[in-house]
Amino acid sequence: MAETVGGAYSKPEIAGEIPLDQVAREPFHRQHVLDLDDFSAGEILRVLDTADIMKEILRRPIKKVPTLRGKTVVTLFYEASTRTRVSFETAAKNLGADTVSVAATTSSVSKGESLVDTLCTLQALGADAVVMRHSYSGAPYLASRIIKGSVINAGDGWHAHPTQGLLDVYTVRNKMGRVSGLKVVILGDVLHSRVARSAIWAMTKLGAEVTVCGPATLLPSWWVQTAAQNGGLVMPGLRLSCDLDRTVEGADVVMALRLQMERMQAGLLPSTREYVRMFQLNSARMSRAKSEALVMHPGPMNEGIEIAPDVAHGDQSVVEEQVSNGVAIRMALLYLLIGPNVNVPVEGERR
Amino acid sequence: MNELWIVNGRLIDPSQGIDSPTNLRIVDGVVADLGRISPPAGLSSDQLIDAAGKVVSPGFIDIHVHLRQPGYEEKETIATGTRAAAAGGFTSVCAMPNTKPTVDTRGDVEFVLGIARRESPIRVYTTGTITKGQKGEELSELGEMAEAGAVAFTDDGHVVENPNLMRYALEYSRMLGKPVAQHCEDPELVADGFMHEGRISALLGLRGIPAASEESIVARDIALCRLTGGHVHFQHVSTAGSVELIQAAKTEGLPVTAEVTPHHLLLTEDWVAGGKWASPTVLEKWGRIATVPYDTNTRVAPPLRSEQDVDALVSALRGGVFDAIATDHAPHTIVDKQCEYGMAASGISGLETALGAMMLLVHRGDLALDTMIRYLTVEPARAMKLPGGTLRTGSPADVTIFDPDREWIVDPKNFISMGKNSPLAGVALRGKVTATIVGGNLVFNAD
C-alpha cells in the first residue's frame, strides 16, 4: 500500500493494541535492500532477530561460520568510508563469503567508466551481492536493475543508509528492550543526511515518536513548512522542531548527526560557534532528557561541534555499541539475502 | 491542378469557430473550400482521404523543440526530429538555438533553415540566441538574425541572468517586432537541484529546485516587460505561482505570452519516485505510475512539480492564461539517461506522445477538445507571429487528422525521434495522429 507522507496520510492499521515491536515476524523475500521506506515492521523485526543470532556467533571464540562459503560479496564504494566498508567486509568474512573490494579511486572508474559499465562488469564476474556506496541519491536503484544478485545500499547521497538505520533501531531495542513509544530525537544536519532518512523509517515503523531538530537551513524546507502548519507534525510518527532545549525534554534517545564543514562554506550556517551554542548535544541538554536516555552518533564524530566530548564518551553513549551491532546487522542481511533457506524460522524467534 | 479532398471528418478549427462535420477541398496546396461540399466523382484514391470517425484540425504548431542540429546529431537531427514532429501531427515547429555552435548569427540561422529546406517534410522556423553563446554576456546579432528569418530569441536552457541585459534584449527586440522567450530558472536557486523541491524530494534525498526559482524570474521579467514594452514569452511554465503572475500581467495588458508542456500538465513529482508516495487522487488518475524510483526519464528542466501545480496549470490552460501547448521536445541518447539521476541530462522526448498525452486530459473531462486544438494551432501561431494555425479559405493547407479514440501503448522503441527518453513508456494513451498534411502534401500517414 502506498502511504502518503506529509499530506493526507493514514498510518497502516495495526491489529489491536499490540506494540509495533511485537508484531508477527514476516518472511524475508527481498532481493535487494535499497531503502527502509517499504519495509514492514515485521520485516525489520525479522532482520533484528536474525542479528541476535549473528551476535551470538560474534561472541564465540572462533567467530566464523561457513554459511556463505562460495559466495562473493563485492563492496563498491564511490565515496570514502572506513567503518561501513570494514563492517560489511567483516560481516561477509564471518559468514565465510569471499569479499572483493572495488574503490572508485583505484578502479577503472577513475578512467571514466560509467556506473552502468562497472556494474555490468561486476555482474559478469559473478557477484552474489554488491554492497554499494555512492554520492548520488538513487544510484543503488540503477544498480538493482543491472545486478542479477543482490544489491545492498551502503549509503547513497542524501537518500538512505538502510543498514545504519537497522543497526540504530537494533541498538535501541537491545538497550531499551523496546522501540515502540520511545521518544527519539535526531539532531543536526537532517537535510543532507541519509542516516537520518533511514533512521526515521526504521524508528517510526517500529512505533517510536521521532523528532528531527536542527537549524531551519539544515532541515527539508517542506518538512519545516508542513510542521509549521500542523503544530510540529510532519507525518504520523515524525515531528520537527528548531528548539533543541525543549525537544530533548523527556527524550529516550538522542542521536546527533555529523555536521559537514562544507555546510558552513555553502552559507547554510553563520558560524560554527553559533551552531555549537544553539545545537550542540552537551551534558546540560542531556540532563533534560530521561536519566537512562541513550546518546547515539553514526560517526565519524566532530567532537566539540555537534557533540560535546564528555557526552560522546559518557555513560549514556552507545556509539561503540552501534559499531559492533553494525557487523551483526550486516551479517543478518547478507544471510537473509544470499544465504540458504532464508525463510525457515530462525532460532530466537520467540516473541 | 492538384486536388486533395478530406471528407467525412469532424472539422475543428477554433480560428473560425468551426466544430462540425465538414469536408475540406485543397487545391495546389491551399485550402480552396470547406463546408458541406461533395467531392466530384472520379477522384483517385490518393486525392481522397476518408476521415470518418476522426478529427480534422489545422496543422499543429510546436513553438518549442530541440532538433539538436548542428552539434548534437547523436541525439537528433533536423531530418529525424521533423519526421517525428510529422508523426505527432505537427506541421510547423520552432527550433531552439542551443545547438553547437549556438545560433548566434545570420549564418547560423541560414544554416539551420537551409538544412530544413532540404531535409524536413514540415515547416521549420528557428529561433536565435539572446546572448552570444548563451553566455549571458552580450547580445547576439538579433537584427541580422531577424532578417535571416529567426522568429524569436531565447537562451533556452539558460535564463538571461543579468536583468540589465534582459532589459536591453527586450528594448532591442521590440524594435524588431520579435518576442524574447525566457527559460525561467534562477541558477542560484536551482543550484545543483535535480527535482521539484517539496514532499517527494525530502523523502528521496534529491536536492530540490524550489518553485521560487521560476517565479522570481517570471516576476522580474514582467517588471522588465512593463519597463520596456517588449514582448516576453515565458517558456515551459511549471508552477501555480507563475500562473498567477502571468495572469495578472495579462490582465494589466502587458505584452506577455506563455507556453505549457504536456508533461507539466500531466505528470507530478510523484513520477520521480515511481509513484511511491503518490496521493490517492494521483493514483486514481493513473492506476499505476509507470516509472521506477529515480527514473532519469523524469528529469526535466523545469522539473515535474506538485499535484497542486499541475492542477493550476490545467485550470490556467482552460482559463486562457496560456498561449500555447509546446512540447519542449528534448531528445537524448541512452547514455545521457542511463546513469545516476543527478548525472542524467534533463529533457523529455515529447513530439510523438503530445497528442495522446493531451487527449488524456480531454478524456478525463479536464479539457475541451476544441480548447486543446486552439492551443496547438491558432494561439501558438499568434503568440510567435507565425503563419498557419487556421484552415480559412486561401490558407496553406496544413492539416492534422487524428483518431481521438485510438488506444495505443507508448513504446519509445517505435519513436521516429532518436530520443527514446520518455517517462510515458508503457503508458496507455487514447488518441493518435493518423495523417499529417503540409501544403497539401501528405507527409505522414499511419493508416
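Into which domains is chain A divided? I began my notebook with this question, keeping in mind that the model is predicted.

**Entry 1: the domains of chain A**

I looked up the division and found domain 1, made of 20–160 + 325–338, and domain 2, which covers 162–322. I then took the C-alpha centres of domain 1 of chain A and domain 2 of chain A, and they lie 25 Å apart. To their contact, domain 1 of chain A gives 27 residues and domain 2 of chain A gives 25 residues. On the side of domain 1 of chain A that touches domain 2 of chain A, the elements that contribute two or more residues are helix 1 (41–58), strand 4 (150–156) and helix 13 (319–338) of chain A. I sorted that side of domain 1 of chain A by class and noted 15 nonpolar, six polar and six charged residues.

**Entry 2: chain A as a whole**

I counted 13 helices and 10 strands in chain A, and I noted that buried residues make up 50% of its 351 residues. Turning to contacts in chain A between residues at least 6 apart in sequence, I found that 74% join residues at least 24 apart.

Is A:Ala41 buried or exposed? I wrote down that A:Ala41 is buried, because 25 other C-beta atoms lie within 10 Å, and the cut-off for a buried residue is 20 or more. Leaving aside residues up to four places away in sequence, A:Ala41 touches A:Leu20, A:Val23, A:Lys205 and A:Leu206. I also looked up A:Ala289, which is 248 residues from A:Ala41 along the chain, and the C-alpha atoms of the two are separated by 27 Å.

**Entry 3: helix 5 and helix 6 of chain A**

At what angle do helix 5 of chain A and helix 6 of chain A pack? I found an angle of about 50° between helix 5 (residues 162–176) of chain A and helix 6 of chain A, with their axes 8 Å apart. That angle makes helix 5 of chain A oblique to helix 6 of chain A, and I noted their crossing as right-handed. From helix 5 of chain A, the residues that take part are A:Pro162, A:Gln164, A:Gly165, A:Leu166, A:Asp168 and A:Val169, and they meet A:Val195, A:Ser198, A:Ala199, A:Trp201, A:Ala202 and A:Met203 in helix 6 of chain A. By class, I recorded eight nonpolar, three polar and one charged among the residues of this contact of helix 5 of chain A with helix 6 of chain A.

**Entry 4: where chain A meets chain B**

How many residues of chain A are in contact with chain B? I found 27 residues of chain A in contact with 23 residues of chain B. On the side of chain A that touches chain B, two or more residues come from each of helix 3 (115–125), helix 4 (139–144), helix 6 (194–205) and helix 7 (221–229) of chain A. That side of chain A has 14 nonpolar, nine polar and four charged residues.

**Entry 5: helix 1 of chain B**

I moved on to helix 1 (residues 78–87) of chain B and found it mostly covered, with nine of its 10 residues buried. Among the buried residues of helix 1 of chain B are B:Ile78, B:Thr80 and B:Arg83. What covers the buried residues of helix 1 of chain B? I listed several elements of chain B, including strand 8 (60–65), strand 9 (90–95), helix 2 (106–119) and strand 19 (428–438). After helix 1 of chain B comes B:Gly89, for which I noted a positive phi, near 95°.

**Entry 6: helix 4 and helix 7 of chain B**

I found that helix 4 (residues 163–176) of chain B and helix 7 (residues 212–228) of chain B pack at an angle of about 45°, with their axes 10 Å apart. These two helices, helix 4 of chain B and helix 7 of chain B, are therefore oblique to each other, and helix 4 of chain B passes helix 7 of chain B in a right-handed crossing.

Technical notes:
Residues numbered from 1 in each chain as written. Chains lettered and ligands numbered in written order. Predicted model: local features only at pLDDT ≥ 70, side-chain atom pairs only at ≥ 80, totals over all residues. Contact = placed C-beta atoms within 7 Å. Helix = DSSP H or I, 4+ residues; strand = E, 2+ residues; numbered from the N terminus. Nonpolar A, V, L, I, M, F, W, Y, C, P; charged D, E, K, R; others polar. Buried ≥ 20, exposed ≤ 12 C-beta atoms within 10 Å, placed from the backbone. Domains from an automatic or database assignment. Axes fitted to C-alpha atoms, helices over the stretch in contact; angles between N-to-C directions. Parallel < 35°, antiparallel > 145°, perpendicular 65-115°, else oblique. Left-handed = near helix turned anticlockwise from the far one by under 90°.
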